[in-house]
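I opened this notebook to record what I looked up in one protein structure.

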Amino acid sequence: MRRTLGLSLLAPLLLGAAPKPVLVPDVSRRNIQIAYSFTGAELLLFGAILYPGGRAPEGDDPAEVVVVVKGPSQSIVMREKEKVAGIWVNASRTRFRSAPSFYAIASSKPIGALVDDRTRAIYELGLDSLQLSPASGATAPEQARFTDGLVDLKRRNGLYYEAPGAVEITDGVLYRAAVDIPARVPVGRFTAETFLIRDGRVLAAATREIDIRKSGFERFVEQAAEHDSLAYGLVAVALSMLFGWAAGTLWRRF
């Protein structure tokens, strides 16, 4: 009798736990090669939303999609300049332990209309929700000032940006978004995260990885600088001699 009663109490809970949708994301390019002529690239993120039963639930608010592309984290030192006796000098500074080298977020609606501040902070949805991990013992106002300065600097360089409304959703199940990769993008392992959001909650998330590497002579120089200092030094000396000889030849001719 006791077992029967327990099962009867558990049954409504099991029946009410509806299966969640699943995201199937992909990217147009898993590898981006940077050569001397690289002027930027467009990365297409697309995929499908798989609902239980094969169709989106009726009567509920439609689900929204947010995609976030992040570059590898890096430690950054921000310095604040101050004018002393007519000369600009470095004043206070702070260091951020894990700032993304690149950050782009695209969404089907503005982030503020999709989730609350707590959810934004958990998933780092938006430039004002990035967890940059300041390492110094600066006060909260100073950290906020340096954080705003870092985000503004990255934004002006095209390395941080937001694109509300840039995600297109077709028939409630297919989505696509284009993210611009600037020419000065850093190299490394990037992640493309996709979030499915409805009623202020993240229902599903999925991640794909993207490798951005230098190619050709630029790749040789980068690898030599990291792993073979002798080869890097010899190449640097040879290039200096070549440019010096070319400059001297042009000077004598003209």
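The entries below follow the order of my search.

Entry 1, the model. I noted at the outset that this model is predicted.

I then found a nonpolar patch on the surface, formed by Val22, Val24 and Leu50. Together they have about 240 Å² of accessible area. Val24 belongs to strand 1 (residues 22–27) and is partly exposed, at 38% relative accessible area.

My search of the whole structure gave nine salt bridges.

Lys109 and Glu64 meet through their side chains at 3.6 Å, N to O. Lys109 lies in the loop between strand 7 and helix 2, and Glu64 in strand 4, so the pair ties together parts 45 residues apart in sequence. Lys109 is partly exposed at 41%, whereas Glu64 is buried at 10%.

Lys70 pairs with Glu124, with the closest N and O atoms 2.9 Å apart. This pair links strand 4 to the loop between helix 2 and helix 3, 54 residues apart.

Arg156 and Asp152 form a salt bridge at 3.0 Å. They are four residues apart in helix 3, which means a separation of about one helical turn. Arg156 is exposed at 58%, and Asp152 is partly exposed at 36%.

Note on methods: Residues are numbered from 1 along each chain as its sequence is written. This is a predicted model: local features need pLDDT of at least 70, side-chain atom pairs count only at pLDDT 80 or more; totals for chains, interfaces and linings use all residues. Side-chain values use heavy atoms; hydrogens and water are left out. Patches are made of residues with over 30% relative accessible area and no salt bridge: like charges are joined within 9 Å, nonpolar side chains (Val, Leu, Ile, Met, Phe, Trp, Tyr) within 5 Å. Accessible areas come from the Shrake-Rupley method with a 1.4 Å probe; for residues, only the protein chains shown count as cover. A salt bridge is a side-chain nitrogen of Lys or Arg within 4 Å of a carboxyl oxygen of Asp or Glu. Helices (H or I, at least four residues) and strands (E, at least two) are DSSP runs, numbered from the N terminus. Buried means under 20% relative accessible area, exposed over 50%, partly exposed in between (1.4 Å probe, protein chains only).
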